[in-house]
Amino acid sequence: MGNNSSYANGGIYIQTDQPFYIAGDTVTGKVHVSTLESFPANVLSLKIKGYEESYWQEQHQRTHTVRGSDGQERQHTETYYETHRGKNTFFSHQFPLYIWSSFSYMPAGQFTFPFQFKLMETLPGSYYESGTDRGCEYRAIIKYKVKVEINSSNNKKLKNKQDLIIREPLKTYVTSQYGERVVKPTTWCCISQGQSHIKCHFERNSYMPGETARMLADLDNSQCDLEIKNLQCSLNKRLRLTSNSGREHLITKQVSRRDFQGVGAHQTATENNRRSCEVNLIGTNGTVIQPSTRGRLVNCEYNLNILANLEGCICCSDKPEVTVPISIVSPPPPNYGQMQPPPNWNPQVFEVKTFAFTSDYMYTKNLPPPPGMNININMPPPPPMNPIPPPMYPPNDPMPPPVMNMNVNMNANQPTTSNQGNVNMGIGMGVPGMNMQVNMSGNDPNYNQNQQYPPQNMNVQVNQQVQYQDNNMQMGMGAPGMQFNFQVNDNQHQHNQNQQPPNMNMNMQFNQGPPPNF
């Protein structure tokens, strides 16, 4: 099982059920754990994070006056750079996926923990790009990830993570697009050359990186005195970065381009003779292009353009061209679904845990963990696989072990007076702030079976201070058939090192007359 932990005797792996999700979907996945021995921590946590970042440099020049060694003043120009950044966190949450509450460790074995959570509908699509623009560095990131980990107090760690690919919902259904343009070109700024008409049909409005965009162009140049030298088909990108201060930086690029045959003056290329154009949606040198996204700090848009280049000097007039916007969606991660299960994989499968992005489970590196996530802090290492029972009392310790359980079974048979029946009573003593409960009930043979007399339940607050070598004590007395615990917590002992002697039975008789009247 794949993992990126150095723990030699175990592995952990997380994988979503789908290679990508659309904003607003419910993400489902599983965490698989396989360990050959117990691990010294008992909280398995799931971290889910999504954020966007922008970064770029801007080059500037400034001139100031300097005085040379000869006393003459000269103008000195220097180049300097300004750096702009932005960061926006969509969610950053840590959830307790599972807690082994009965142990201070994760037992050895094979386990599968399913999980699910719903994405916000307004999330931008995943994105990553870095490079240079006009000699300055820039970087744009929109990233989502899920991570599972279990950490011990002695720095042992099991963890694994997966990038979560999010696609934006399409504004419209996947469909073909159509555009046309009529221009009246002029040469030398004033000489009319007639008119040229171009109609374009685009196969789709949504693509994946690496696909081919196909277009058809009808050229009606019958009323134009200028030749259409060629058709220039291109994929263009517009990336806008925004900093936290609101400053913007625009990067425009022609991602790819192909030229196709034009048409002569006073000629047409329509219907069966129309021009067929194709553009491969790949970057320079075959690199994968990034998807469209509409983040607050990172915004990337694409369009397909067909431009008819006319002969002559037409710098003062429009060119016949058609532009349509398209969407590029994120591809699935290349390493998705490569989990190799360990031999004899037969895990215990737990119930699905559903999580919501509430403020209770938000986290950052500098804040304490969310509720339930710090249970295993300062936990001792787990016991060996075949532990040797410790002695009943540690050496040189005058007190009993930290926790001792005593079961007391009381059986009293008292004759009852008329209409009183058998009565059960319980009283108790405790440490300060402890809530004790006194239960009284009576069974009267003259009444219906199991009828109970009031007051059935009374809560009694017992404030009692017991100090003996930093020990806290609890004591109790009970009525027939009642079981209670006697517990001593000794701060001098190690945490969670519980020792329990055999159960003891005590018979107690109430010999002070009949039960009280209710």
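**Second largest pocket**

I started with the lining of the second largest pocket: 32 residues form it, and Asp 163, Ile 165, Pro 333, Pro 334 and Asn 335 lie nearest the centre. I keep in mind that this is a predicted model. I looked up the volume of this pocket and found about 660 Å³.

Which strands each supply at least two residues of the lining? I noted strand E1 (10–16), strand E7 (127–133), strand E8 (136–151) and strand E9 (157–163). By residue class, the lining divides into 18 nonpolar, 11 polar and three charged.

**Pro 19**

I turned to Pro 19, in the loop between E1 and strand E2 (21–22). Pro 19 is partly exposed, with a relative accessible area of 21%. Leaving out residues up to four places away in sequence, I found that Pro 19 touches Ile 165, Pro 332, Pro 333 and Tyr 336. I also checked Leu 164: its C-alpha atom is 7.9 Å from that of Pro 19, although the two are 145 residues apart along the chain.

**His 249**

Last, I looked up His 249, found in strand E18 (residues 248–263). Is His 249 buried or exposed? His 249 is buried, because its relative accessible area is 11%, under the 20% cut-off. Its side chain makes a polar contact of 3.3 Å with the side chain of Asp 133. Beyond four places in sequence, His 249 touches Trp 56, Glu 58, Asp 133, Arg 134, Leu 239, Arg 240 and Leu 241.

Technical notes:
Residues numbered from 1 in each chain as written. Predicted model: local features only at pLDDT ≥ 70, side-chain atom pairs only at ≥ 80, totals over all residues. Heavy atoms only, no water. 1 Å grid on protein atoms, 1.4 Å probe; cavity = no way out; pocket = protein on both sides within 12 Å on 5 of 7 lines; lining within 4 Å. Points joined across faces, edges and corners; volume = space filled by probe spheres on them. Helix = DSSP H or I, 4+ residues; strand = E, 2+ residues; numbered from the N terminus. Nonpolar A, V, L, I, M, F, W, Y, C, P; charged D, E, K, R; others polar. Buried < 20%, exposed > 50% of the residue type's maximum accessible area, 1.4 Å probe, protein only. Polar contact = N/O pair within 3.5 Å; in protein donor to acceptor, adjacent residues only side chain to side chain. Contact = heavy atoms within 4.5 Å.
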